[in-house]
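I opened the model today to look up a few things. My notes follow.

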Amino acid sequence: MSVEGTVSKKRERPVKIERRERAVIRFAGDSGDGMQLTGSQFTATTAAVGNDLATLPDFPAEIRAPAGTLAGVSGFQIQFASEQVFTPGDAPDALVAMNAAALKANIADLAPNSIIVVNVDSFKDIDLRKAGYEKNPLEDGSVDSFRVFKVELTRLTRAALKGVDLPTRSIDRCKNFFALGMMYYLYRRPLDVTFNWIEEKFKNKPELIEANQRALKAGVAFCEATEVFEHVYEVPAAKLEPGTYRNISGSQALALGFVAASQKSGLRLFQGSYPITPASELLHELSLYKNFGVVTFQAEDEIAAIGAALGASFAGALGITSSSGPGIALKGEFISLATMVELPLVVVDVQRAGPSTGMPTKTEQGDLLMAVHGRFSETPCIVLAISSPADSFDMAYEASRLSLTHMTPVILLSDGFIANGTEPWKLPDIGALNPIEVPFHTDPETFEPFRRNLETLVRPWALPGTRGCEHRLGGLEKEDGSGNVSYDAENHEKMVRLRAEKVERVADHIPALEVDGPTSGRLLVLGWGSTYGAITSAVRRSRAAGHAVAQAHLRYLNPFPRNLGDVLARFERVLVPEINMGQLALLLQGRFLKKIDSQTKVRGLPFSANEILVRIVELLETN
Amino acid sequence: MAEATLTKKDFQTDQEVRWCPGCGDYAILSSAQQTFADLGLERHNMVIVSGIGCASRFPYYVNTYGFHTIHGRAVPVASGIKIANPELSVWIVAGDGDAFSIGGNHVIHLMRRNIDVNLLVFDNRIYGLTKGQYSPTSEFGKITKSTPYGSLDRPFNPASVALGAEATFVARTIDIHATHLKQTLRDAHGHTGTSFVQIFQNCNIFNDGAFERIREKKLRDDNIIELKHGEPLIFGKDRDRGIRWAGQSQPEVVQLGTGISEKDLVVHDEQGSLGYLMTLSEMKPPDFPLPIGVLRRIEAPTVDAGIHRQIKEVTARKGAGELEKIIYSGNIWTVD
């Protein structure tokens, strides 16, 4: 950290500008306080400034939990930096707490000396009671180790908006932008992105434009006038790889990946879905793309959603369905049918904390074993996992490609952290995407529904409407080649093995697992899914501390990349961090007979880089 | 297409039909194959979708595209097929358990959406493939393998359920009443929207004689009434009895000629109120004849056409989608 200069216009006491490589801030308030909006505005501005970033929205399942209570606290964290960012950050450098409950819910995550901006107007007796405080934490010494800024956010916002023709209730709702203005000041961000957003959002409501813009400016002006902060922070633009970028959420990128696959394959995209947290966003996103011919079918239930997608696939569409764990469980019988009839189908599982309804808005990686093995009988599926919000684009595309070209269902694992998180996305060169060629069978002379390609074992796909290729598919075991119903013992064994081998051979069409860092040695940290960011940060920090640590990340969970066994064998120890009870570790140990050091966490939250770093160091120090 | 019109034989497959000898399904299959030929349908543009159950083997025996899916779930699969390719003629075949027990949810939502498919329910009021448990249409108190002391569930009346879901086409017919069955299938095909056809079908193994009154030639004429739009409700071997209103929604059977003429009778209206149609659907022997034929036929928007219309409208307004444009949109920035 270096003191670069001062911003002092007419003040006697100069405000110091400190330069920082990175910063982590968190907005926390009641779920009605607009914290997700505040966070996403800070993110949009920060992306525009050119920082690399990652975000973590963390909100309650209840739309409006009782105001002022711990259950109702909604949070949004962002890490931004002048270097690469892999996670939303561990401990926040600055917390905005809009009420007492928000302070109580978040204070344990803060490192000493971090900044807390509190709205003291929401620390009255009743607020304290609702938050479960017996005494005012601002007065009993419990925040002494932090730099606390007590601001009358409610009163100041009302004062700033005096004369605006809005009810007090609406004026009070602008206090989040007052707080946002303070954070813009503290981190030296421009106001124009949010100004433009306000104008667009409230196009026909001039009084709301006036109110929100005034509140934002007042937040800045308050900081300037009172010099509340001794320091402000400068986080310069990041030196990202050359390219064109936009900030994107996992759900947005996922939708774009499917639209891209539809365009590149020439197949209509058909999504069957039933609303469920945190997967509904994909339905919302895809329903916007009607001018791409996209069909979104909001079904009566999870089963109908996948059934319609499979029907559409039979008729020649790119059929996809999306849900979270509880819904995926319901879809199991249809996934099995898709495997049996060997039709393409992409099943997106945006994992959340379970079992049962669990914690719907919280993240988890608990569905890996269900995806790989969680169906009756021998029902192999291709399983892929997304590792970050922007990676959702690539993996949606890849899942579609593999399903269409191998004629078998693909389960694509995402999770709440990925779906809701955002990060800058280096926009792809559309022309460079892998082609997706789907050769529909049209020649009646050579058609048998299960006459396979000898190399890939893929059967031909003849669409209803093709003269002379009429055939019947079904869940009953069928004779290889003709597809006629067969109860023959030998044929059944042959078919079970063929279906397994067909999926196994997908490994010939996926990239090998890449190892970052040393290609052999003491320790490999191997992850899958959304742990990518935390693992990458932890590994980089451990290397900076002089440790030789390798990292690899699995995007293909079934089949595994062909070289996975070799990679594992080259390391003395393999650490696998997962947001579950050790599911990948179990698969690896069973498959490769390799001892795995499993690191697990099930708190509905992602790993912090530090947690993994601590484990890495422990492993390196023990034998 | 200048191709020779297909015959019934063209709709048969080389698969051995495996229903029990004497099963009503044979008669339905035969009439259906004949109707497909009569309608001039093209095999490659037809898809028959089924769930699980005896009736659901149907697609294997018809030489069109077919999909034998899972229990209760033919409806969503058929919906996806029709929406993905509206050019196809889509027929769903289900049993009473498939359609009204495990698949009941899908059936009412199909009717709500009015997707342009034909739903044929072979109703034998018993579970056949699982060997004789009571079904959602079995009569109250029925003794079966799973209800040795009598079932305690009241049955669904499928036509009433369909009317309750405001289906746009509701019809009934009988497995061995070939002329009527074929006409009903033609009507179903001619209707745009979900066409629901309940086919009373005898299971001669587990529920033989369940429909004796309406199936046996000797008894039939006195126990069914063939509905015709705009015509009075007359029935009986000598067509000498009819239905008139005794009070609001209170039908009564009357003898014609005893001071009562045709003009006193209820005239069937396929677009009549749901109250009227429900009254019809609840009539049954021994007190009343069972109305068969088309109970309801109305026009209403279909979701399959709606989806494609909306896609066209949005495309006309926004222009055909360009991938590059939606990817390179929003707040983008360039790093050199």
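**Sheet**

I began with a strand pair: A:A23 stands opposite A:F80, which is in strand 5 of chain A. This is a predicted model, where local features need pLDDT of at least 70, side-chain atom pairs count only at pLDDT 80 or more, and totals for chains, interfaces and linings use all residues. Residues are numbered from 1 along each chain as its sequence is written, and chains are lettered from A and ligands numbered from 1 in the order in which they are written.

Strands are DSSP runs of E, at least two residues, and helices are runs of H or I, at least four, numbered from the N terminus. Strand 3 (residues 22-30) and strand 5 (residues 73-81) of chain A pair antiparallel over nine bridges; pairing takes at least two DSSP bridges.

I then traced the open sheet in chain A: six strands, order 4-5-3-6-7-8, mixed pairing. Strand 4 (52-58) and strand 8 (147-151) of chain A each have a single partner strand, so one side of each lacks a neighbour in the sheet.

**Proline 326**

I found A:P326 in helix 12 (residues 325-341) of chain A. Leaving aside neighbours within four places in sequence, A:P326 contacts A:I276 and A:T357; contact means C-beta atoms, placed from the backbone, within 7 Å. From A:P326 to A:L208 I noted 118 residues in sequence and 40 Å in space, C-alpha to C-alpha.

Note on methods:
Two residues are in contact if their C-beta atoms, placed from the backbone, lie within 7 Å.
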